[in-house]
Amino acid sequence: MSTVAFLGLGHMGGPMAANLVAAGHDVRGFDPVPASQDAARANGVTVVASAALAVAGASMVVTMLPSGRHVLDCYAEIVPAAEPDTLFVDSSTIDVADARAAAEIATGAGHRAVDAPVSGGVGGATAGTLTFMVGGPDADVAAATPYLEIMGRKVVHCGQGGNGQAAKLCNNMILGISMVAVSEAFVLGEKLGLTNQALFDVASTASGQCWALTTNCPVPGPVPTSPANNDYTPGFAAALMRKDLGLAADAVRATGVPARMGLLAAELYEDYAREHGGTDFSGIVQDIRERSGET
Ligand code: NAD
């Protein structure tokens, strides 16, 4: 049993911390939001009054925070308070450059650090079935893995520090682009007199097959478990897709890659999430349909 500090006990961090407790670890948590504190306490987390108090005496620190700014500010506070050679694991989704800067703050003070963003959403966090994409030195990733395997089902070592975030942004850029593509195809099919089921039956077993179609199908009917059948209740909220595509677009611009589709998807989700941020990201099909001209 280890003492683990967990900072950020929100939608994702709350259930992740609960799974560490259920596996027998002593989890000391902090979150400034009282409702998150109460929920964590009910799940067996020892909630303390500050991030610095949480890390004191812990051998590992997990952060699950909203943005890179939050992570860097938090590291500035907690790194000096940590025991020597503490293992820092940041599972927030943040910019690659911020991830590398955060790791440098920790390693520069004699600690170990990996970035370990996740895929799988609140459902995966609760069930302990997340996928972790990890960046960092072999030994540090190996040290983090037994803990990640409690909170997740799959751990992929993606290379050097920051590469976990790189994998996350690239994956979600594929997802954003493919959801727009699938949604546009359904609306075009409707305009051409095709039923959604007929297009699904063809594309799901042909070369248009992808997760956005076969698991998170944006139109109701073909995949009964997709959010489209539940009034587009997330699932994966459009606001989070906007955030991830924004990070991907920043990386695209910084690297000079001519990723026009990625930039366009970021722009489309920027527009869509402005009014529909709490809707599942597949709801963009409704926006495309509404903006389609009368035939
Ligand atoms: P959330 O807003 O529910 O939780 C973040 C928590 O961090 C909040 O409760 C906030 O009060 C807390 N916090 C802020 N500053 C803090 C500090 N200094 N110390 C301690 N706690 C602090 O967000 P979430 O949905 O849990 O997402 C967390 C991260 O996971 C984000 O980076 C998000 O992009 C990523 N993510 C989310 C999902 C999802 O489906 N929700 C999926 C994959 C990745």
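Between which two elements is the loop where Asp85 is found? Asp85 sits in the loop between α4 and β5 (87-90), where helices (H or I, at least four residues) and strands (E, at least two) are DSSP runs numbered from the N terminus. This is a predicted model, in which local features need pLDDT of at least 70 and side-chain atom pairs count only at pLDDT 80 or more, while totals for chains, interfaces and linings use all residues. Residues are numbered from 1 along each chain as its sequence is written.

**Domains**
- The protein chain is divided into domain 1 (3-160) and domain 2 (166-290), with bounds that come from an automatic or database domain assignment.
- Between the C-alpha centres of domain 1 and domain 2 there are 29 Å.
- Eight residues of domain 1 are in contact with nine residues of domain 2; contact means that the C-beta atoms of two residues, placed from the backbone, lie within 7 Å.
- On the side of domain 1 that touches domain 2, four residues are nonpolar, three polar and one charged.
- In these classes, Ala, Val, Leu, Ile, Met, Phe, Trp, Tyr, Cys and Pro count as nonpolar, Asp, Glu, Lys and Arg as charged, and the others, Gly among them, as polar.

**Ligand shell**
- The ligand is surrounded by 26 residues, and the closest are Gly8, Gly10, His11, Met12 and Thr93; a residue is near a molecule if its C-beta atom, placed from the backbone, lies within 6 Å of it.
- By class, the shell around the ligand holds 15 nonpolar, nine polar and two charged residues.
- Domain 1 and domain 2 each give at least three residues to this shell.
- At least two residues of the shell come from each of α4 (68-78), α6 (121-127) and α11 (238-255).

**UniProt annotations**
- An unreviewed UniProt entry annotates residues 1-17 as "signal peptide"; UniProt positions are given in the numbering used here, feature names are shortened, and annotations may be inferred rather than shown by experiment.
- In the model, residues 1-17 are 29% helix and 29% strand, with the end C-alpha atoms 14 Å apart.
- For residues 162-286, the unreviewed UniProt entry lists "domain: 3-hydroxyisobutyrate dehydrogenase-like NAD-binding".
- Residues 162-286 are 63% helix and 0% strand, and their end C-alpha atoms are 35 Å apart.

**Phe30**
- Phe30 belongs to strand β2 (residues 26-30).
- Phe30 counts as buried because 25 other C-beta atoms lie within 10 Å; the cut-offs are 20 or more such atoms for buried, 12 or fewer for exposed, and partly exposed in between, with C-beta atoms placed from the backbone.
- Apart from neighbours within four places in sequence, Phe30 is in contact with Leu7, Val47, Val48, Ser50, Ala51 and Ala54.
- Phe30 and Ala49 are 19 residues apart in sequence, and their C-alpha atoms are 6.7 Å apart in space.

**Backbone geometry**
- Most residues other than glycine have a negative phi, and most peptide bonds are trans.
- Asp85 has a positive phi, near 65°, and is exposed, with 9 C-beta neighbours inside 10 Å.
- Asp231 also has a positive phi, near 60°, and lies in the loop between α10 and α11.
- Asp231 counts as exposed because 10 other C-beta atoms lie within 10 Å.
- Pro234 and Gly235 are joined by a cis peptide bond with omega about 15°.
- Gly235 is placed in the loop between α10 (211-214) and α11.
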